[in-house]
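Biologist: Please show me how to read a complex one feature at a time. Where do we start?

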Amino acid sequence: MSDGVSVRVSAWEAAAAVADPELPMVTVADLGILRSVEADGCAVTVTVTPTYSGCPALSAICHDLEAALHDAGYPDVRVAQNLDPPWTSDWITPAGRDKLAASGIAPPEPAVRHDGPIPLSLQGIRVSTCPHCGSSDTRETARFSGTACKSLHRCAACGEPFESIKAI
Amino acid sequence: MSDTELMDNSYGGLLDADVDHRYAYGTGFADPLAGVDPTVPDDVERGALSAACLALGDDALVLSHRLQQWVTRAPELEEETALANVALDLLGQARLLLTRAGQADGSGHDEDWFAFRRSASDLRNVRLVERGDADFAELVARLLVFSTWRLAAFERLRACADPVLAAVCGRGVSELAYHREYAAGWVVRLGDGTETSHSRMQAALATAWPYLDELLSGDLMGVDVAALRPGVEGVLGEVLAQAGLPAPVVAADDGGGRAGRHTPALDEVLEELQSVAREHPEATW
């Protein structure tokens, strides 16, 4: 590795450090949105996979990635989207899960995969561990929360409400 | 930022960066398919692809608008966020699908052109999505029928020959499964609730059921939509059984939405949806 490269933050490191605009305690790399960063000289192609179809954070994420790479010395940045396979909450890294829990947001349970049609569930209860006290005596109070990617829960043990990242 | 600072304020990360572009956060409507290869493969029939994208995109656009009309009017805060999130998912699907429609038909029209520059007879949505909801029971009855059908259609279309449409449907299935569960949960709760909620839920089902025949006909990118009927009816039957509600016996609507024959309720939607764009044709957002 040449000296020129060793002092410069790598393109991956610069992109990976970008915070998610709606969950700023985690980075786009923690969430698994950042799929690849390919540098060719000064030109960089960053590939992301959006979470939800209507996620309003996507344009801010793309802007932040471009800005972070410009700051790191890459003037020529292209952000590409990879839609297939779709993002899954299983791509959130262990470090990302720890950061979410430390901020009071329960990380997602493993997503269930279906080979055929998705069966209807009328149970309406998903187990989630309380990020405040660690109890699993919690109940889901709403299937949706302040953003599309989260649901709302309450812990019976400590009485606190909390959000959880939905498993998809 | 140190861990201590992070614990003090999880949102501190937002303060470090250049935040100029965040003053109008969420309003940057760049091309939703930016950075996705726009090529239509040679073996894909462009007419069929654009027709499917328009049908599915218009369904989502119009129902999203009807759901948005509930914002600030929902019975509880939890329902408010749920409905806004469902509407947002559908609007996101509409944006991707209408953008793809403009790539497929060769017109180069963008999502805004499709959403804001067409009149009702140009839209290809089913008539189910057009009318306003008289009450919350009508909202969940329609959402149950719509999301059950759309989930079944997306499960098939995720294997279609166009990679962009397939990917949009692949993403959409898990969103629609949540919408369906939400609607089904409320139909059961109201149907199996009080005498009043039961009778109002029963009446609401009768406003959605006439549109099933229109939903379950036609062809979307080679998918025979009529073949979705057993699966759709199976899920609806499961929900109604749990809710203690018999399936409504109602005459089918005339249909024709996919051919541009709509009810006056669609004009009402478009008048609101397109008002700013029509009044200020040069506006950008």
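Modeller: With the element names. Helices are DSSP runs of H or I with at least four residues, strands are runs of E with at least two, and both are numbered from the N terminus. In those terms, Thr72(B) sits in the loop between helix H3 (46-68) and H4 of chain B. Bear in mind that this is a predicted model.

Biologist: What is the phi of Thr72(B)?

Modeller: Near 80 degrees, a positive value in a residue other than glycine. Met221(B) is another non-glycine with positive phi, about 50 degrees. Met221(B) lies in the loop between strand S1 (219-220) and strand S2 (223-224) of chain B.

Biologist: Are Thr72(B) and Met221(B) buried or exposed?

Modeller: Count C-beta atoms. A residue with 20 or more others within 10 Å is buried, and one with 12 or fewer is exposed. Thr72(B) has 8, so Thr72(B) is exposed. Met221(B) has 22, so Met221(B) is buried.

Biologist: How far can I trust the coordinates?

Modeller: Where pLDDT is low, the predicted coordinates should not be read in detail. Chain B averages a pLDDT of 91, with 90% of the residues at 70 or above. For the complex, the predictor reports an ipTM of 0.87 and a pTM of 0.90.

Biologist: How do I read a helix such as H8 of chain B?

Modeller: Check the length. H8(B) covers residues 195-208; at 1.5 Å a residue its 14 residues should span 20 Å, and the end C-alpha atoms are 21 Å apart, which agrees.

Biologist: Which residues of H8(B) are buried?

Modeller: First, the general idea. An α-helix has 3.6 residues a turn, so residues three or four places apart point the same way. In H8(B), the buried residues are Arg200(B), Met201(B), Ala204(B), Leu205(B) and Ala208(B). They cover an arc of only 145 degrees around the axis, so they lie on the same side of H8(B). Glu195(B) and Thr196(B) are exposed, on the face turned away from that buried side. The cover over the buried residues includes helices H6 (136-157), H7 (163-191) and H10 (229-243) of chain B.

Biologist: How many residues of chain B are in contact with chain A?

Modeller: 51, and they meet 37 residues of chain A. H7(B) gives the most to this side of chain B, 18 residues. By class, the side of chain B that touches chain A has 25 nonpolar, 16 polar and 10 charged residues.

Biologist: And the nonpolar core?

Modeller: In soluble globular proteins, nonpolar side chains tend to be buried together. Here the largest nonpolar core has 131 residues; Ala15(A), Cys53(B), Val140(B) and Val187(B) touch the most other members. H7(B) supplies the largest share of this core, 16 residues. Beyond four places in sequence, Val140(B) is in contact with Ala183(B), Trp186(B) and Val187(B).

Biologist: What is the pattern of chain A along the sequence?

Modeller: α-α-α-β-β-α-β-α-β-β-β-β. That is five helices and seven strands. Of the 168 residues of chain A, 45% count as buried. The C-alpha trace spans about 55 × 35 × 25 Å along its principal axes.

Biologist: Where is the cis peptide bond in chain A?

Modeller: Read omega: a cis bond, with omega about 0 degrees, joins Asp84(A) and Pro85(A). Pro85(A) lies in the loop between strand S3 (76-81) and helix H5 (94-102) of chain A.

Technical notes. Residues numbered from 1 in each chain as written. Chains lettered and ligands numbered in written order. Expected span 1.5 Å × (residues − 1). Arc of directions from axis to C-beta. Contact = placed C-beta atoms within 7 Å. Nonpolar A, V, L, I, M, F, W, Y, C, P; charged D, E, K, R; others polar. Core = buried A, V, L, I, M, F, W, Y, C linked by C-beta atoms within 7 Å. pLDDT = per-residue confidence, 0-100.
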